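Here's a quick briefing to read with the model open beside you.

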Amino acid sequence: MKRVTLGATDLEVSALCLGTMTWGSQTPEAEAHAQIDMASERGVNFMDTAEMYPVNPVRKETLGRTEEIIGNWIAKGGNRGDWVIATKIAGEGSIARDKGEVIDGRSIRKALEASLRRLRTDHVDLYQFHWPNRGSYMFRQNWRFDPSKQDRAAVIANMEECLETLCALVTEGKIRHWGLSNESAWGMAQWIRLADEGRGPRPVSLQNEYSLLCRLYDTDLAELGHNEQVTLLAFSPMGAGLLTGKYAGDVIPAGSRREANPALGGRISPRVWEAVSAYLGIAHRHGLDPAQMALAWTLTRPFPTVPIFGATTLDQLAPALDVVEIKLTDEVLAEIAEAHKAHPMPY
């Protein structure tokens with residue numbers, strides 16, 4: 001398994017990151033532990049989780065269950081030292097936060113301490129903010145995004161407070177590095193500016209949705225990622241399953257993510273099926289598995305990228321791990337580029 005450097009750090013992570021958000025809902029604990037073992041055997045050393053996982057659906061009674069499953073794997077003899085573990089603090093409005101609670105110095109420390117207990121570890125390698133307090137244009141909110149009510153002074157003051165707390169947590173050895181999620185180019189630029197002014201540690205990664213069907217990252221954020229050494233942790237690189245072909249024809253297979261979330265978080269639109277068909281057609285013409293093609297494509301991007309892939313079962317995990325051996329031809333990449341021009345932003 002190829003290793004890459006995370007951001008401007010000395011932390012080497014596998015070219016693929018193991019996602020965990022179904023562990024404890026669709027994926028039982030024994031299966032999750034088997035996934036960790038299989039991924040480790042294949043050279044993966046990077047896994048991503050969050051305090052609000054599992055999802056589909058997110059429920060108060062299951063908050064933190066995924067972290068507990070990982071902690072149980074560590075407690076029963078799993079080698080913590082072999083893994084780079086990333087987790088997240090949920091943003092304002094999550095059921096993981098108290099009413100009116102935002103990401104700030106107090107909530108960061110409280111949430112991190114709870115995550116460390118569940119994970120049964122004394123530190124997190126990468127601690128991430130799940131979404132900004134001021135809101136985000138991710139999750140299909142780009143169609144109605146309105147930043148006009150943001151209070152710049154209050155936003156910057158909060159960032160400074162958060163950076164001060166993160167600095168203390170790094171000093172205490174409770175986190176090694178930190179990053180953002182569902183953040184914008186302006187937001188990332190402010191975090192980086194404040195860090196460079198000495199307010200706290202620099203963010204090293206940005207976990208945003210990115211796939212053949214969702215390419216909001218391709219312009220301003222791509223430029224920022226390259227020039228500021230920020231690694232994109234690309235979530236939903238297979239379009240929440242759309243790019244596997246299992247939903248083609250607008251079907252809902254039993255036991256699938258779409259059975260629990262029929263609209264796939266707003267990804268099902270009148271235009272998505274033509275886009276999906278175009279990419280499935282490219283894979284078919286070139287004898288490629290469509291899911292593997294979609295994941296392999298993220299590894300070709302001209303900016304630092306590590307895709308996060310999730311698997312409900314071991315049968316789904318095995319072919320995803322083979323992706324690092326797949327090299328897409330220039331012809332395939334050219335056809336993908338044409339399909340993107342023909343079907344931009346399908347959701």
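Predicted model: local features only at pLDDT ≥ 70, side-chain atom pairs only at ≥ 80, totals over all residues.

Helices (H or I, at least four residues) and strands (E, at least two) here are DSSP runs, numbered from the N terminus.

**H3 against H4**

- Helix H3 (residues 105-119) and helix H4 (residues 152-171) have axes that come within 8 Å and cross at roughly 35°.
- That crossing of H3 and H4 is right-handed.
- On the H3 side the contact uses Gly 105, Arg 106, Ile 108, Arg 109 and Leu 112, and these meet Glu 161, Cys 162, Thr 165, Leu 166, Ala 168 and Leu 169 in H4.
- Sorted by class, the H3–H4 contact has six nonpolar, two polar and three charged residues.
- H4 itself has 20 residues and reaches 29 Å from first C-alpha to last, close to the 28 Å expected at 1.5 Å a residue.
- Which residues of H4 are buried? They are Val 155, Ile 156, Asn 158, Met 159, Cys 162, Leu 163, Thr 165, Leu 166 and Leu 169.
- The cover over those buried H4 residues includes H3, strand E6, strand E7 (175-181) and helix H5 (185-196).

- Helix H11 (residues 330-342) has 13 residues, which at 1.5 Å a residue should span 18 Å; the end C-alpha atoms are 19 Å apart, which agrees.
- Val 332, Ile 336 and Ala 339 are buried in H11.
- Looking down the axis of H11, you'll find its buried residues within an arc of 60°, so they line one face of the helix.
- As background, an α-helix has 3.6 residues a turn, so residues three or four places apart point the same way.
- Turned away from the buried side of H11 is a face with the exposed residues Asp 330, Glu 331 and Lys 341.
- Asp 330 has a relative accessible area of 66%, so it counts as exposed, the cut-off being over 50%.
- Asp 330 and Glu 160 are 170 residues apart along the chain, and their C-alpha atoms are separated by 45 Å.
- The buried residues of H11 pack against helix H8 (272-285) and helix H9 (290-298).
- For H8, the 14 residues should span 20 Å at 1.5 Å a residue, and the end C-alpha atoms are 20 Å apart, which agrees.
- Buried in H8 are Val 272, Ala 275, Val 276, Tyr 279, Gly 281, Ile 282 and Ala 283.
- Just after H8, Gly 287 takes a positive phi of about 65°.

- Leaving aside neighbours within four places in sequence, Ser 205 is in contact with Leu 6, Leu 126, Trp 178, Gly 179, Leu 180, Met 188, Val 230, Thr 231 and Leu 233.
- Leu 317 lies in helix H10 (residues 314-321) and, at 0% relative accessibility, counts as buried too.
- Leu 317 and Gln 35 are 282 residues apart along the chain, yet their C-alpha atoms are separated by 7.3 Å.
- Gln 35 is also one of the contacts of Leu 317, along with Leu 18, Met 38, Ala 39, Phe 309 and Ala 311, once neighbours within four places in sequence are left aside.
- Tyr 137 sits in the loop between E6 (124-129) and H4.
- Why does Tyr 137 count as buried? Its relative accessibility is 19%, and buried means under 20%.
- Not counting residues up to four places away in sequence, Tyr 137 touches Asn 142, Phe 145, Glu 183, Ser 184, Ala 185, Leu 216 and Leu 221.

- Most residues other than glycine have a negative phi, and most peptide bonds are trans.
- The peptide bond from Tyr 53 to Pro 54 is cis, with omega near 10°, and the one from Asn 56 to Pro 57 is cis with omega near 0°.
- Pro 54 lies in the loop between strand E4 (46-48) and helix H2 (65-75), and Pro 57 is in the loop between E4 and H2 as well.
- Arg 120 isn't a glycine, but has a positive phi of about 55°; look for Arg 120 in the loop between H3 and E6.
- Arg 120 is partly exposed, with a relative accessible area of 48%.
- Arg 140 isn't a glycine either, and has a positive phi of about 65°; Arg 140 lies in the loop between E6 and H4.
- Arg 140 is buried, with a relative accessible area of 10%.

Terms used:
Residues numbered from 1 in each chain as written. Heavy atoms only, no water. Axes fitted to C-alpha atoms, helices over the stretch in contact; angles between N-to-C directions. Left-handed = near helix turned anticlockwise from the far one by under 90°. Contact = heavy atoms within 4.5 Å. Nonpolar A, V, L, I, M, F, W, Y, C, P; charged D, E, K, R; others polar. Expected span 1.5 Å × (residues − 1). Buried < 20%, exposed > 50% of the residue type's maximum accessible area, 1.4 Å probe, protein only. Arc of directions from axis to C-beta.
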